[in-house]
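Please look over this model with me. My notes follow as numbered points.

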Amino acid sequence: MDAIVKKYKINGKAARPINTKITPSKVIIHAILGCWSLLTIFPLIWVVNNSFKERTLILQDSFSLVNPTNFTMDNYITAFSRMNIGGAYVNSLIISCSVVIGVMCFGGLGAYVLARYKFPGRNFIYGALISAVLFPAFATIVPVFMALYKLDLVNKHLGVILPQLAGNLPFAIIILVGFMEAIPLELEEAAVVEGCNPLQIFTKIIVPISKPSFATVAIFTFLWSYNDLFMQMTIIRKNEYLPISALLNKISSQYGTDYGLMNASVALVIIPVLIVYLVLQKYIIKGLTAGAVKG
Amino acid sequence: MIYKDKKIVWIFLLPTVVLVSLFLYLPFLASISNSLYNIPNLAGTNKVFIGINNYKEMLTDPVIMTSVKNTFVMMIYTVVFEVGIAIVLALLVDSVGKMQKFYRTVYFFPVVISATAIGLMFILFYDYNIGLFNQVLAKFGAEPKLWLDEKKALGMLSLPVIWQYIGFYFVIVLTGIAAIPEDIYESAYLEGVTGFQKVRYITLPLIKGVIRTCLILVITGTLKVFDLPWTIAPRGMPNQTTYLLGTYQYKTVYEAARVGYGSTIAVFIVVVGVVISVIVNKLIKQEDM
């Protein structure tokens, strides 16, 4: 078997003949894959559906579809009035957008230098940045918390932004350096002839060409920051500064039996992510696989 | 060469290097040092040097034993089911050719949802009164069950983790399969190799590297699991039986205020992660020989 593999590896690529015939085995496979799709989607539909129901109706039958006669927005109204969901959204947006902008700027500049310059210590710094991906938050959180406490940054947005920024930079560097190294040098050489300085080369050539990889980094950084309960819970303990994941965790411990409110809260956290995902999923999956298979 | 001016290197790199040093490397070193102290509060005052006593305590702490056992059990569940189902789904999707994009989009979606939201969702599924699971049982006329009792709790905590991340490994494996040159399959087809044999002798050996990446990610990921178990079963409920290394570390530091001991657990988590990654790397490499 190995011999065949070796022999054909050298030859040029041939398109696999795609069999368009519908065979029984294909029908079975599609049925299995379809079932798995259902297992993935159904729980979310169940939650959204129940979020529009009264508590008693959920207790009776959580499978029945909502219809105009029993449809209610009460759960959402409670969520916004009693739990300050709106404020939590604002907190989350402030934190996550700052982290994304910071990661793009600092990570972009750093990656550019690492991809293009040869200087003493380059390999050491690059290696140290890549290995930083391995540190779990548990291993760093206590000293970080103490330092933030001394700087009076606990219970402040900046207290979550700084560690999240640092935590996301290594991933950004890996993705961006990988992409920038593959850009051919000719354009930059032409730019130098035109009299551009390195910062201009960066903003006018490197950034526009690297847009897809910046998009991937931005999306993942946003999702990780938005979803990161551990850091949010540790640094922020005051209700008015709680971001959305931390607030959600609070809701579950305080109103665990208010099923309507629970369903509505879950739906409220998932919906923005769902929209981001459907709009940008091309970049999400492409970027993920580029990074994962390479690294 | 155009990139001669080296001054700019340090200006551009400075923010990244400073942030990563201040918030990742220095704290990690500080954690190692803290693990040798008794620190009774989060402000870090009243530190007392106690040498390796924290490590000694860890050896006899019954909850640590539970956490280690639970973490390893969950690791086995995730390796078998997460990576296993992901590989099966990827092989199936690859074999039908059509609708790949649809399956990819659907399967990957849970990955982007916050673990907290998924945790809450599963609390609702497991609920005794209204839960999805008990209502399904009721449809078949069966008695409702207590899903989070001591016997089932760990499995029930692993289920959402597995459900959420299968799509992630599915996409990685599928990409690995797509990278296999088509002519290998073609020649195998001419030699009469089809179906299961094709998978066993061609596809799987050629995606070994990808599978290794997946295994390392799954294992180190399980060591870091926190959000989901903390949401569904905070404080190792029921009866401290479901503590994982991550959740026990959090409880030690933030609820018991035993900062030094918590740092010891953190160091332990990192060491276990590195050791297992090295072992996995060695094992799969040896098979290549």
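1. Helix H7 (residues 153-178) of chain B packs with helix H10 (residues 208-224) of chain B at about 165°, axes 9 Å apart. Axes are lines fitted to C-alpha atoms, for helices over the stretch in contact, and angles run from 0 to 180 degrees between N-to-C directions. Helices are DSSP runs (H or I, at least four residues), numbered from the N terminus. H7(B) and H10(B) are therefore roughly antiparallel (angles over 145 degrees).

2. H7(B) crosses H10(B) in a right-handed sense (the near helix is turned clockwise from the far one by less than a right angle). H7(B) contributes Tyr169(B), Ile172(B), Val173(B) and Gly176(B) to the contact; H10(B) contributes Val210(B), Thr213(B) and Cys214(B). Contact means C-beta atoms, placed from the backbone, within 7 Å. By class, this contact has five nonpolar, two polar and no charged residues. Ala, Val, Leu, Ile, Met, Phe, Trp, Tyr, Cys and Pro count as nonpolar, Asp, Glu, Lys and Arg as charged, and the others, Gly among them, as polar.

3. The contact between the chains takes 84 residues from chain B and 87 from chain A. Helix H1 (residues 7-34) of chain B supplies the largest share of chain B's side, 17 residues. That side has 55 nonpolar, 20 polar and nine charged residues.

4. The model is predicted; local features need pLDDT of at least 70, side-chain atom pairs count only at 80 or more, and totals for chains, interfaces and linings use all residues. Residues are numbered from 1 along each chain as written, with chains lettered from A and ligands numbered from 1 in written order. Chain B has a mean pLDDT of 87, with 98% of its residues at 70 or more (pLDDT is the predictor's confidence in each residue, from 0 to 100). The complex gets an ipTM of 0.81 and a pTM of 0.82 from the predictor.

Note on methods
Two residues are in contact if their C-beta atoms, placed from the backbone, lie within 7 Å. Helices (H or I, at least four residues) and strands (E, at least two) are DSSP runs, numbered from the N terminus. Angles under 35 degrees count as roughly parallel, over 145 as roughly antiparallel, 65 to 115 as roughly perpendicular and the rest as oblique.
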